[in-house]
Amino acid sequence: MSTTTRTPIDGTVAPGFEAVAEAFRANFDDLGEVGASVAVYQDGQLMVDLWGGVADPATGRTWERDTATIVYSVTKGATATVLHRLVQEGQIDLDAPVAQYWPDFAAAGKEKVTVRQLFSHQAGLPALTQELSRAELFDIDRVASLLAQQEPRWTPGTAHGYHALTFGWLAHGFFTAATGESTGALFRRLVAEPLSLDFWIGVPSSATVDYAPLVNGEPTPFDLDLIPDPDMRAQVEALLTAMSDPGSLFSRVLSTNGALPTPDADTWNVPEVRAGEQPAAAAVTNARSLARMYAATVAEVEGVRLLSPEVVERATEVQAEGMDEVLLSASKFGVGYQLATETAPLLSPASFGHAGAGGALGFADVDHRIGFGYVQNQLSASFGPEMRTANLIAALRESLA
């Protein structure tokens, strides 16, 4: 008689949230999860705190309570939270020109670009026009300076396109010019330290991090015939073509002209990435800290509330919606945060947050006063919905119902 060894899962689940635990277990049993954590806060209380699997397949090291890894564009939600903390403190005006804080940015016809446009992918700077090596891209000050001088691809404010990595260099240039502090320093002071988070935009040498190396997933074929709507099928076909063309805007944006392919485990597991303060894609955290940050945007967490309801309302007003010049599909953004859409519904229309390439996700929900975090080391390589998070969100919705 044979026995099957199940993936070890540890943590706690409050009564009523058992469905989330079941979905987390199913991600390992049915979807090949390697190592991951998931957490849910409601009304400032930790309701789900689970972790399991393998942190490092090369050594067999298990995923522990505080294991953390790179979360790619989930980082943008943390950067947006820094922005809105500064807005709340009266240091930043979203409707002011970026050049008011960062004079160099006025070059090449960008003098009227507003802060809200910069942080909602409307500035027309989704890709660097100058090709740099990977080592040069780690010089965040230089890249920010180059983008400040660059001519926009479209008239700012007339279209939007996902600034997958340039978002981070632009945020760095803006914050350092406006405050004299880097994004990582601001995040640590305004967000991470008040909430005691294991969450870094730039891991300092003094920090002890149980890091889980990213693992490339196996790509699975996608059948276009599964899409019944002809218009949607044509849109998906165009995106698949762009993904396979290294010269397309999509490919150049997601790889920074080939020098920094995203997502890619070998490229992003290097210490220089974790130490660098790339505010678009290089944050390191775990699900508990991610959910805790978002929970504190919609409720008090142990006496700490990051954003007032009024600031949240302004932060989540739709700034850009519809066809994305880079993604070649519909996207929807507030000021820095992704908003729920039909194809990425999150928990409800009152949700805001950010997903990361490869699978990670963090969001808050105003109506349900929820903070959610999911962090994993295996990078999804499949085209289509991320089923691991879809299953967890469906289970959360069931629990709340």
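Which residue just after H2 takes a positive phi? Gly-90 does, with a phi of about 80°.

The views below show a predicted model, in which local features need pLDDT of at least 70, side-chain atom pairs count only at pLDDT 80 or more, and totals for chains, interfaces and linings use all residues. Residues are numbered from 1 along each chain as its sequence is written, and side-chain values use heavy atoms, with hydrogens and water left out.

**View 1. Helix H2 and the residue that follows.** Helix H2 covers residues 74–88; helices here are DSSP runs of H or I with at least four residues, numbered from the N terminus. The end C-alpha atoms of H2 are 22 Å apart, which agrees with the 21 Å that its 15 residues should span at 1.5 Å a residue, the expected span being 1.5 Å times one less than the number of residues. Because 14 of the 15 residues of H2 are buried, this helix is largely enclosed by the rest of the structure; buried means under 20% relative accessible area with a 1.4 Å probe, protein chains only.

**View 2. Helix H7 and its packing.** H7 has 14 residues and reaches 20 Å from its first C-alpha to its last, close to the 20 Å expected at 1.5 Å a residue. In H7, 10 of the 14 residues are buried, so the helix is largely enclosed by the rest of the structure. Among the buried residues of H7 are Trp-169, His-172 and Phe-174, and the helices against which the buried residues pack include H2, H6 (140–149) and H8 (183–195). Gly-180 follows H7 and has a positive phi, near 80°.

**View 3. The largest nonpolar core around Phe-119.** A nonpolar core is a set of buried Ala, Val, Leu, Ile, Met, Phe, Trp, Tyr and Cys residues joined through side-chain atoms within 4.5 Å. Of the 91 residues in the largest such core, Leu-83, Phe-119, Phe-174, Trp-268 and Met-293 touch the most other members. Helix H13 (residues 287–298) gives the most to this core, with 8 residues. Not counting residues up to four places away in sequence, Phe-119 touches residues that include Thr-79, Leu-83, Phe-174 and Gly-334, where contact means heavy atoms within 4.5 Å.

**View 4. The lining of the largest cavity.** Among the residues that line the largest cavity are Pro-126, Leu-165, Trp-169 and Arg-252. The elements that give two or more residues to this lining are helix H7 (166–179) and helix H10 (249–255). A cavity is a set of points on a 1 Å grid over the protein atoms alone where a 1.4 Å probe fits but cannot get out, and lining residues have an atom within 4 Å of a point.

Definitions and conventions
1 Å grid on protein atoms, 1.4 Å probe; cavity = no way out; pocket = protein on both sides within 12 Å on 5 of 7 lines; lining within 4 Å. Buried < 20%, exposed > 50% of the residue type's maximum accessible area, 1.4 Å probe, protein only.
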